[in-house]
Amino acid sequence: MAGKDYYNVLGVERDASADQVKKAYRRRALELHPDRNPDRADAEERFKELSEAYAVLSDPQQRARYDRFGEAGLGNGGVAFDPSVFEDVFGSFGFGGLEDLFAQFFGGAAGRARTATRARRGADLRYRLEIGFEEAAFGTELKIRVPRSETCPGCHGSGAAEQGLVTCSTCGGQGRVAYQHGFMQIARTCPACRGRGQEIRHPCEECRGRGRIDAERTVKVRVPAGVDNGTHVRIQGGGEGGASGGPAGDLYVEIGVRPHERFHRDGADVHDQVQVGFSELVLGGSVDVQTLHGQKTVEIEAGTEPGTVIRLRGEGIPLLGRHGRGDHLVHLIARPPRKLPRQERELWESLRELEQARLRAERSRDAESAKTSEGRGLFDKVKDIFGGES
Ligand SMILES: [Zn+2]
Ligand SMILES: [Zn+2]
C-alpha cells in the first residue's frame, strides 16, 4: 500500500473495531503530552499524524476507501478533518474540546477566551514600619495606611463606562479567531480584544479605562514581642488587589526599631551602664537599676573592679516566637570626679595619705620577700632574662 500506514500509526490490527481504534488513539495522544515529550516540535508532528490516522480510521466510509485504495483513495483533499472527532474523544476525559486540548498540549495559542480574563493574584507589597524600642520588646498593634492598586469600583475592572462596551469587531464577540494550520483549523485568542469579545468605546472616567485605581487602605499590623531591625511581618491579603476576582497579594511589613536613649540592644539582651563610686567598688554596696521590666537592685561585692558587668538573667527582651527572655547586663562605670565638694575633697586628701602609706609599706614588703625567697633582687632576675651584664 502506498502512503502512510494509519493502522501502524495507531498501533492497531487491520481488523480492529471502532472502539479499539478510539482507545488506541486516546492512549497514544496522551503519550504525546508535552510533559512527557521535551521535543515539542516532534510531539506536535506526531500528534498531527496520529490525528490524521484517527480521522480516517474512525470514519467507516473513509476507512473503507483507505482499506481498498490506500491514501490515494481519500481523494485530492486528503483527510477531511472534523474537529468534532476530537471533542468526542477528549470531551469524555476532561478536555473542554479542541481548543482546550491544544492549549494543554501545545501552549496557550489556542487557549479559550476565558484564559485572557483569568483571575490573577495581586502583587505583594513591602512597607517599612518604624517602632519604638519598647514596642519592639513587648509587641504592639498598629494601623498603617498602605497605598495599593485595586479593581476600579466604578467599572468593576472592565475599564469601560456604563454601556461603553461594544462587541469586538475583529472576532464578532467570539473572543477568538480561527486560522488554518496545515489541514487543521485552529482557534486562537482574538488579539484585538484579548479574548474578551468586547471592545471599550467609552472608557470609565474613574480609572480612565485602566480598570484599576490607586487606593489607600488601612491595615492592622500585629507586631509580636521580640521583633528586631529587619524582622518581616507578613499580612496575608494585605497586598495589591487581585484582578478578575483573583485574591489580593500579601503585605510584608519590615520592622525598623528606633534606638533607646540609654539601653543598647544585642539580640534579646539589653545593655546598660550605671555609674558607681570608687568607695562602693572598694567597700561593696548596692545600686538600683532600671530594666524593661521595672526597677531592680544590683548588689556590688566589696573589691569589685571598674567595668565589671553584672548579668540580670531573664530581664531582657522576650524571645521572638518563643518562651523566655534575654538578659539585662549592667556595666559598672566608675569615673574620677572632676569637681568635689570641700568636705569630700578633705576626705579624699586624708584617704590619699593613708593609701600612700599603705602602698609604700606593701611595696617594700614585696621587695623584701623577693630577695629572701630567691636570694637575689628582682632587678637581677630581669637582667638574667634579657641577657644584660651584672
Ligand atoms: Zn473604572
Ligand atoms: Zn475580539
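**Ground rules and confidence**

Residues count from 1 along each chain as its sequence is written, while chains are lettered from A and ligands numbered from 1 in the order in which they are written. Since the model is predicted, local features need pLDDT of at least 70 and side-chain atom pairs count only at pLDDT 80 or more, though totals for chains, interfaces and linings use all residues.

Here pLDDT is the predictor's confidence in each residue, from 0 to 100. The protein chain has a mean pLDDT of 82, with 81% of its residues at 70 or more.

**Helix α2**

Helices (H or I, at least four residues) and strands (E, at least two) are DSSP runs, numbered from the N terminus. Helix α2 covers residues 18-31, so to speak a stretch of 14 residues, and reaches 20 Å from its first C-alpha to its last, close to the expected 20 Å. That expected span is 1.5 Å times one less than the number of residues.

Which residues of α2 are buried? They are Val21, Lys22, Ala24, Tyr25, Arg28 and Ala29. Down the axis of α2, these buried residues fall within an arc of 165 degrees, so they line one face of the helix. (The arc is that of the directions from the helix axis to the C-beta atoms.) As background, an α-helix has 3.6 residues a turn, so residues three or four places apart point the same way. On the face turned away from the buried side of α2 sit the exposed Asp19 and Arg27. Buried means 20 or more other C-beta atoms within 10 Å of a residue's own, exposed means 12 or fewer, and partly exposed is in between, with C-beta atoms placed from the backbone.

**Two open sheets**

Two strands pair if DSSP finds at least two bridges between them. One open sheet has four strands in the order β10-β11-β15-β14, with mixed pairing. Its edge strands, β10 (264-266) and β14 (309-312), each pair on one side only. The other open sheet has three strands in the order β1-β9-β8, and its pairing is mixed too. At its edges are β1 (125-131) and β8 (232-235).

Here are some of the strand pairs, each with one facing couple of residues:

| Pair | Sense | Bridges | Opposite residues |
|---|---|---|---|
| β10 and β11 | antiparallel | three | Aspartate 266 and aspartate 269 |
| β14 and β15 | antiparallel | four | Arginine 311 and leucine 329 |
| β1 and β9 | parallel | seven | Glutamate 130 and glycine 256 |

The hairpin of β10 and β11 has two residues between the strands, and glycine 267 takes a positive phi near 65 degrees there.

**Two arginines with positive phi**

Arginine 194 is not a glycine, yet its phi is positive, near 55 degrees. It lies in the loop between β5 (184-189) and β6 (198-200). Arginine 194 is partly exposed, with 14 other C-beta atoms within 10 Å.

Arginine 208 also has a positive phi, about 50 degrees, without being a glycine. Its place is the loop between β6 and β7 (212-223). Is arginine 208 buried or exposed? Arginine 208 is exposed, with 11 other C-beta atoms within 10 Å.
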